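Look at the structure first, then read the points by topic.

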Amino acid sequence: MTYGLKTSTIELLKRFNTSFPQFYEQFVSSDIQLQNLRLAYQLYQTKEAVIELKPESGKTVLYFAYRNQSFLLNDIFGVLAAYGLTIHNLSLYGQIHAPMLVFIKLVISRGGKALPNKTAENVRKAIKETILGRFEVEEMLALEFNLDSGLKKVETNFYVDRVFHLPALLVEADSQPGLFYKVMNAIWQEDLLVVNANLLVWRGRTRLILYLLGPNENLIPEYLGTKIAESLKHRLSD
């Protein structure tokens, strides 16, 4: 609800929302819209990636905002995997018009509990250093995971969503440590830009639906999307 907001704030929010896909204003709650506007303003002021970690309901919530680039999710999920964190929920909203910002909310924990303050600060610093190219997360991950091992029972499917009017990629695999990083690394290798994401973990399986733009931030035609889905399955299974 925008009830109680100043008229100027409502007008600013409406202009801000025009940079997102068509579904954003209709399906995304006004609370999230305002949260993303706040993060965008903070990014505008600091000219640096916004990375906030806060305890909430026994878990830790990670808020992130920055210019959307294909390597970002690889770096963020790489750091989370390196710290052995569990991902409980994922919300991601990316703009499809300038300035092409992306807003991410992750609910995470270690052992089902919120991160201690020192750990949360270390995670924040690691994400910042990684996206700035000053920290190679793959080197840290290689100590914990066999990065060459494939995921188990991988399924991928490409389609054009008739409601969201965006290319979509469904990725499903048996849940295992490092899964999110391996998926996002494969997305990065294909030079794809994620502008929305849905996550479901059920009966030992993890399902991700990723709404995408292709190289150069273009829409992906169906024939090419099918090839991308096959390539991703190969990368993730190999």
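In this predicted model, helix 1 spans residues 7-17 and buries Leu 13, Phe 16 and Asn 17. Viewed down the axis of helix 1, these buried residues fall within an arc of 95°, so they line one face of the helix. Thr 7, Ser 8 and Arg 15 are exposed on the other side of helix 1.

**Helix 1 and its cover**
- Helix 2 (23-27), helix 3 and strand 4 are among the elements that cover the buried residues of helix 1.
- An α-helix has 3.6 residues a turn, so residues three or four places apart point the same way.

**Helix 8**
- Helix 8 is made of 16 residues, 222-237.
- From first C-alpha to last, helix 8 reaches 22 Å, close to the 22 Å expected at 1.5 Å a residue.
- Which residues of helix 8 are buried? They are Gly 225, Ile 228, Ala 229, Leu 232 and Leu 236.

**The largest pocket**
- The largest pocket has a volume of about 310 Å³.
- The lining of the largest pocket has 17 residues, and the closest to its centre are Leu 85, Gln 176, Pro 177, Gly 178 and Phe 180.
- Which elements each supply at least two residues of this lining? Helix 4 (72-82), strand 3 (86-94) and helix 7 (179-189) do.
- By class, the lining of the largest pocket holds 11 nonpolar residues, six polar and no charged.

**The cavity**
- Rolling a probe the size of a water molecule over the atoms shows where empty space is left.
- How many cavities of 30 Å³ or more does a search of the whole structure find? The search finds one.
- The largest cavity has a volume of about 50 Å³.
- Asn 68, Gln 69, Ser 70 and Leu 73 line the largest cavity, together with Ile 187, Leu 192, Leu 193 and Val 194.
- The lining of the largest cavity divides into five nonpolar residues, three polar and no charged.

**Backbone exceptions**
- Most residues other than glycine have a negative phi, and most peptide bonds are trans.
- The peptide bond from Ala 98 to Pro 99 is cis, with omega near 10°.
- Pro 99 lies in the loop between strand 3 and strand 4 (101-109).
- Lys 47 is not a glycine, yet its phi is positive, near 60°.
- Lys 47 belongs to the loop between helix 3 (30-46) and strand 1 (50-56).
- Is Lys 47 buried or exposed? Lys 47 counts as exposed because its relative accessibility is 61%, and the cut-off for exposed is over 50%.
- His 165 also has a positive phi, of about 60°, although it is not a glycine.
- Where is His 165? His 165 is in the loop between strand 5 and strand 6.
- With a relative accessible area of 47%, His 165 is partly exposed.

Methods: Residues are numbered from 1 along each chain as its sequence is written. This is a predicted model: local features need pLDDT of at least 70, side-chain atom pairs count only at pLDDT 80 or more; totals for chains, interfaces and linings use all residues. Side-chain values use heavy atoms; hydrogens and water are left out. On a 1 Å grid over the protein atoms alone, a cavity is a set of points where a 1.4 Å probe fits but cannot get out, and a pocket is an open set with protein on both sides within 12 Å along at least five of seven lines; lining residues have an atom within 4 Å of a point. Grid points are joined across faces, edges and corners, and a volume is the space filled by probe spheres set on the points. Helices (H or I, at least four residues) and strands (E, at least two) are DSSP runs, numbered from the N terminus. Ala, Val, Leu, Ile, Met, Phe, Trp, Tyr, Cys and Pro count as nonpolar, Asp, Glu, Lys and Arg as charged, and the others, Gly among them, as polar. The expected span of a helix is 1.5 Å times one less than its number of residues. Buried means under 20% relative accessible area, exposed over 50%, partly exposed in between (1.4 Å probe, protein chains only). The arc is that of the directions from the helix axis to the C-beta atoms. Contact means heavy atoms within 4.5 Å.
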